[in-house]
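Please look through the sequence and the structure below before reading on. The report then takes up a few parts of the fold, one at a time.

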Amino acid sequence: MNQETPKQIAILGSTGSIGTQALQVIAAHADRFEARVLTANHRWELLAEQARQFKPAAVVIADESHYEPLRDALADLPIAVYAGADALCQVVESPEVDMVLTAMVGFAGLPPTIAAIRAGKPIALANKETMVVAGELINGLCRQYQVPILPVDSEHSAIFQSMMGEVSPIEKIILTASGGPFRTFTCEQLETVTPAMALKHPNWDMGAKITIDSASMMNKGFEVIEAKWLFGVEPEHIQVVVHPQSVVHSAVQFADGAVKAQLGVPDMRVPIQLAFSFPERLQSDFDRLDWFTMHDLTFERPDTDRFRCLALAYVALHRGGNAPCIVNAANEIVNRAFLEGRCRFLQMADIIEETLQRATFIKQPTYEDYLQSDAQARRIAAAFLSSSFNV
């Protein structure tokens, strides 16, 4: 691609936290990037506003019930309007798309990511569930189609940056975690926490689903699984460290004992911009670290007795096969139930564990197996919610 030609980016999930920040990056570097495709699940009004500002070639609303109002809202513009899950997969295959940012939340991000890889599009990966559910499959497809994955999660971007220029093998990944809003809560206190309390993350501004996952530390568990597939490191060489200040975004330890870390203020635009511009680093006006106000950087061991979701992620990773897919599906069910007041905070881990035990285990799953496992695990988790785990 000619350097004078702006990189054409498809943003899957443009109305979410990552998507809106990605559009800020594009706006700040309009000479380098353009939004070619924008998609949303159901927030059609914001999608229409974004389309009017950024003039993409196409937009997709996954929820087909919003197709007509979105189409009518953009009728005066030369923007193609599509709807449905199949359209998400089709738009990323466009020859004009240079990169796909997968910023959708949950299992729904897997099919369009696979479609983009098969179309040869570099992936800026913010949908961690893609690697959690089907990391081995995704890695195989990336090798087959020679497609790079550039991590957008702040932790995995930090690991990626710490590995730049290194040729020696990794001894250990240090995956940092803020600990979320309940880091110092006792089990007794966790029994009564509310969704409103869980949504108040101390450092990061994220969507509701990821914020709840951060509070339960399931998000960190998923990041452990993602790190295994992105960087080829076995689970026993991935260490989670609670770092409440969220300044050290993650680190890598090498065979000689040296540790390289990436530090910065909590701002997702930094890893987004790097994924878009790699291997270059572009100038930005993002906030800088103030070294003279960082009086304390602290590090703690995670408590997997209080935050069992993290332990369950390790269990699923060690078990392999479709176990992480099962855990992800159950987590999506209980996460939503907690947000809606149908499940207590500590019950989420109970239901995920029961679902993992009862769902059919498949050692070497195919893509179709992942689809079936996801559906089965959701049914099992929902059944627990409405029966013995009822609140």
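What follows describes a predicted model, beginning with a sheet and moving on to several helices.

## An open sheet and the helix on it

Four strands make up an open sheet, in which the order is β9-β8-β10-β11 and the pairing is mixed. At the edges lie β9 (238–242) and β11 (259–263), each of which pairs on one side only. If direction is ignored, neighbouring strands of this sheet are turned by 20° against each other on average.

Strand β10 (residues 248–254) and β11 run antiparallel and are joined by five bridges, and in this pair Ser 250 of β10 stands opposite Gln 262 in β11. Helix α7 (residues 154–163) packs on the sheet, where it touches β8 (170–177), β10 and β11, and the direction of α7 makes about 40° with that of β10.

## An enclosed helix

Helix α5 (residues 110–118) is largely enclosed by the rest of the structure, because seven of its nine residues are buried. These buried residues are Leu 110, Pro 112, Thr 113, Ile 114, Ala 115, Ala 116 and Ile 117.

The elements that cover the buried residues of α5 include the strands β1 (7–12), β5 (99–102) and β6 (123–125), together with the helices α4 (85–91), α6 (129–145) and α16 (367–386). After α5 comes Gly 120, whose phi is positive, near 80°.

## Two helix pairs that share α13

Two packed helices are described by the angle between their axes and the distance between the axes. For helix α13 (residues 308–319) and helix α15 (residues 347–358), the axes come within 9 Å and cross at roughly 15°. Angles under 35 degrees count as roughly parallel, and α13 and α15 are therefore roughly parallel to each other; their crossing is left-handed. On the α13 side, Arg 308, Cys 309, Leu 312, Val 315 and Arg 319 meet Ala 349, Asp 350, Ile 352, Glu 353 and Leu 356 in α15. Sorted by class, this contact of α13 with α15 has six nonpolar, no polar and four charged residues.

The axes of helix α11 (residues 218–231) and α13 come within 7 Å and cross at roughly 25°, which makes α11 roughly parallel to α13. Here α11 passes α13 in a right-handed crossing. In this contact, Met 218, Lys 220, Gly 221, Phe 222, Val 224, Ile 225 and Lys 228 in α11 meet Cys 309, Leu 310, Ala 313, Tyr 314 and Leu 317 in α13. By class, the contact of α11 with α13 has nine nonpolar, one polar and two charged residues.

Notes
Residues are numbered from 1 along each chain as its sequence is written. This is a predicted model: local features need pLDDT of at least 70, side-chain atom pairs count only at pLDDT 80 or more; totals for chains, interfaces and linings use all residues. Side-chain values use heavy atoms; hydrogens and water are left out. Two strands pair if DSSP finds at least two bridges between them. Axes are lines fitted to C-alpha atoms, for helices over the stretch in contact, and angles run from 0 to 180 degrees between N-to-C directions. Contact means heavy atoms within 4.5 Å. Buried means under 20% relative accessible area, exposed over 50%, partly exposed in between (1.4 Å probe, protein chains only). Angles under 35 degrees count as roughly parallel, over 145 as roughly antiparallel, 65 to 115 as roughly perpendicular and the rest as oblique. A crossing is left-handed if the near helix is turned anticlockwise from the far one by less than a right angle, and right-handed if clockwise. Ala, Val, Leu, Ile, Met, Phe, Trp, Tyr, Cys and Pro count as nonpolar, Asp, Glu, Lys and Arg as charged, and the others, Gly among them, as polar.
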